[in-house]
Amino acid sequence: MSQADLLDQDPVFQLKGSMLAITVMELAHNDLERLDRQLAEKVAQAPNFFQNTPLVMALDKLPASEGQLDLVALLDVCRRHGLRTLAIRANRDQDIAAANALDIPVLPPSGARERVIDPVEPGAKKVEKAPEKPAEPVSRPTKVVTTPVRGGQQIYAPGGDLVVVAPVSPGAELLADGNIHVYGPMRGRALAGIKGDTKARIFCQQLAAELVSVAGQYKVAEDLRREPLWGHSVQVSLSGDVLNITRL
């Protein structure tokens with residue numbers, strides 16, 4: 001084999017999973033003049049925040065009664081204030097069609113918990129708000145699966161934990177608002193705390209997963225195979241933005 005052939009087989013790129021911090025602007029009203037004024041006030045408070053800031057524009061909370069949105073004008077308002085729209089989040093047909101016409105990616109409505117950002121320059125005084133009382137959690141029964149989970153199957157435990165007492169095949173997907181327990185080989189995808197519960201955990205007897213995720217932070221098989229506990233009984237937990245994999 002020649003050197004040219006070897007160079008031709010050398011990979012030019014790699015696809016990697018990454019959790020990037022992207023600002024989401026959730027539009028509550030179809031009023032671009034008022035948006036322009038309010039953004040100008042925010043820029044005056046924190047000009048360094050509004051410098052080519054990547055943005056996801058969330059339109060899924062817009063009331064249907066407020067009529068069709070001028071997406072081109074909206075993007076222009078954001079651009080003038082230093083916000084660069086990477087994608088939109090929408091569920092109304094007219095908004096999705098407008099984004100497709102502009103070749104802007106459309107994301108589905110999110111069920112994840114999002115933190116409100118109030119840009120403030122360093123040293124500026126910020127008015128502290130009284131903490132809101134958290135909503136009372138709704139307790140639901142644990143979902144128990146006793147048969148093997150085949151590739152292509154998706155099992156979701158809303159509001160609670162998911163327990164699987166059988167093997168999970170490659171291509172299968174387990175989702176839970178709470179913890180996930182797998183008493184057998186875990187070869188598919190396991191996503192715990194999918195609505196933002198950072199205390200959720202994943203427990204499995206044999207880690208061979210394609211992906212594990214807790215509250216949106218995840219590792220794919222390429223990363224997991226480097227773990228010394230690959231193939232062993234483990235628990236997966238979240239500390240800050242880091243997934244910890246420890247022996248059971």
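Me: Thanks! To begin with, how many disulfides does a search of the whole structure find?

Reply: The model is a predicted one, and a search through the whole of it finds zero disulfides. To count, a pair of cysteine sulfur atoms would have to lie within 2.5 Å.

Me: What makes Cys78 and Cys204 buried?

Reply: The cut-off for buried is under 20% relative accessible area. Cys78 has 0%, so Cys78 is buried. Cys204 has 2%, so that residue is buried too.

Me: How much of the chain is buried, and how many helices and strands does the chain have?

Reply: Buried residues make up 35% of the 248 residues. The chain has five helices and 15 strands.

Me: Which residues of helix 3 are buried, and how do you know on which side of the helix they are?

Reply: Helix 3 spans residues 71-80, and its buried residues are Leu71, Leu74, Leu75, Val77 and Cys78. They cover an arc of only 155° around the axis, so they sit on the same side of helix 3.

Me: Why are helix 2 and helix 3 called roughly parallel?

Reply: Their axes come within 10 Å and cross at roughly 10°. Angles under 35 degrees count as roughly parallel, so helix 2 is roughly parallel to helix 3. Where they meet, Leu32, Leu35, Asp36 and Leu39 of helix 2 face Ala73, Leu74, Val77 and Arg80 of helix 3, with heavy atoms within 4.5 Å.

Me: What makes Asp70 a cap for helix 3?

Reply: A side-chain oxygen of Asp70 lies 3.4 Å from the backbone nitrogen of Val72. The limit for a polar contact is 3.5 Å, so this pair falls within it. Asp70 caps the N-terminal end of helix 3. Just after the helix comes Gly82, with a positive phi of about 85°.

Me: Which residues have a positive phi although they are not glycines?

Reply: Asp103, with a phi of about 60°, and Ala215, with a phi of about 55°, are two of them. Asp103 lies in the loop between helix 4 and strand 4 (106-107), while Ala215 is found in the loop between strand 12 (211-214) and strand 13 (217-220).

Me: Why is Asp103 called exposed and Ala215 partly exposed?

Reply: Asp103 has 69% relative accessibility, and exposed means over 50%, so Asp103 counts as exposed. Ala215 has 22%, which falls between the 20% and 50% limits, so Ala215 counts as partly exposed.

Me: And how would you label Asp223, buried or partly exposed?

Reply: Asp223, found in helix 5 (residues 221-224), has 29% relative accessibility, so Asp223 counts as partly exposed. Asp223 and Leu211 are twelve residues apart in sequence and 9.1 Å apart in space, C-alpha to C-alpha.

Methods: Residues numbered from 1 in each chain as written. Predicted model: local features only at pLDDT ≥ 70, side-chain atom pairs only at ≥ 80, totals over all residues. Heavy atoms only, no water. Buried < 20%, exposed > 50% of the residue type's maximum accessible area, 1.4 Å probe, protein only. Helix = DSSP H or I, 4+ residues; strand = E, 2+ residues; numbered from the N terminus. Arc of directions from axis to C-beta. Polar contact = N/O pair within 3.5 Å; in protein donor to acceptor, adjacent residues only side chain to side chain. Axes fitted to C-alpha atoms, helices over the stretch in contact; angles between N-to-C directions. Parallel < 35°, antiparallel > 145°, perpendicular 65-115°, else oblique.
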